[in-house]
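Hi everyone, thanks for making time. Have a look at the model on the screen, and I'll walk you through some strands and then some charged pairs.

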Amino acid sequence: NQWISWLDNLKHDAPWFSFLNIKGVPGSPQTNKQIDQVIATLKRDNRLENTIVIITANYNKQGKQEEDWLSDKNFNRDQMRVPLFIYWPNTPAQQIGKLTSHQDIMTTLMQRLLHVNNQTDDYSQGEDLFSNQRTYPWVITGDDNDVVITTDNATLYMDHNGQFNIYDKQGVIEKEAKPNLAELLKIFTELKRLGRKRGKKKHHL
């Protein structure tokens, strides 16, 4: 109700931005009801046709954020998968099948909404969500202590001591697998360039 009151007080033709932190389990009736209320309000005020709506989550439909990347020596790849829905006016409906991350959202907005001309490397590790394929075939995730590098077919997990393992899509360790050292150097150069951020980062369903 506070958000609806805030929106009602805006001039209808004024540009605006709003971030809503909806409490609840992704996909639950309670969460869906709150999202439906937001969409209904935008439709009521004839704002939806000029508004980009992005819906995502900090954690998946299991309703919890795991503390550990590993479970019974297997890597929990599903832990990083969260929903992502985008309503973008005058854009055909589509399903994005490539790897994506939360970082891609900002990059997409900067390029397609704000028309920033800088190279994306100047401000983000993300890429354009709507491009046909990723420039780099990986997504970097992790937290202050660990680095997780996800590709279409495998996950490299490295702890704070520099010890690493490579896991397949099912999270089973690949004992004979070796990392691509050239790509690994690019990834750690990228991490050093923009710095590490606190908190686990996610990629999308």
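Buried here means under 20% relative accessible area, with exposed over 50% and partly exposed in between, using a 1.4 Å probe and protein chains only. Strands are DSSP runs of E with at least two residues, and helices are runs of H or I with at least four, numbered from the N terminus.

Before going on, a word on the source: this is a predicted model, where local features need pLDDT of at least 70, side-chain atom pairs count only at pLDDT 80 or more, and totals for chains, interfaces and linings use all residues. Residues are numbered from 1 along each chain as its sequence is written, and side-chain values use heavy atoms, leaving out hydrogens and water.

So what does β6 pair with? Its partner is strand β7, residues 147-150, antiparallel over 4 bridges; two strands pair if DSSP finds at least two bridges between them. Together β6 and β7 make a hairpin with 4 residues between them. Across that pairing, T141 has V148 as its bridge partner, and I140 stands opposite I149.

β7 is also buried on both sides: V147 and I149 point one way, V148 and T150 the other. From there, β7 continues to strand β8, residues 154-158, with 4 bridges in the antiparallel sense. That is another hairpin, with 3 residues between β7 and β8, and T150 has T155 as its bridge partner.

**Now the charges**

Side chains of opposite charge can pair when their charged atoms come close. How many salt bridges does a search of the whole structure find? The count is 7, where a salt bridge is a side-chain nitrogen of Lys or Arg within 4 Å of a carboxyl oxygen of Asp or Glu.

Take R134 and D104, with closest N and O atoms 2.9 Å apart. R134 lies in the loop between α3 (102-112) and β6, and D104 in helix α3, so this pair ties together parts that are 30 residues apart in sequence. R134 counts as buried at 12% relative accessibility, and D104 does at 1%. R134 also meets E127 in a salt bridge, at 3.8 Å from N to O, and E127 is buried at 9%.

Elsewhere, salt bridges that share partners join D8, R44, D45 and R47 into one network. Within it, the side chains of R44 and D45 meet at 2.7 Å, N to O, and D45 counts as buried at 16% relative accessibility.
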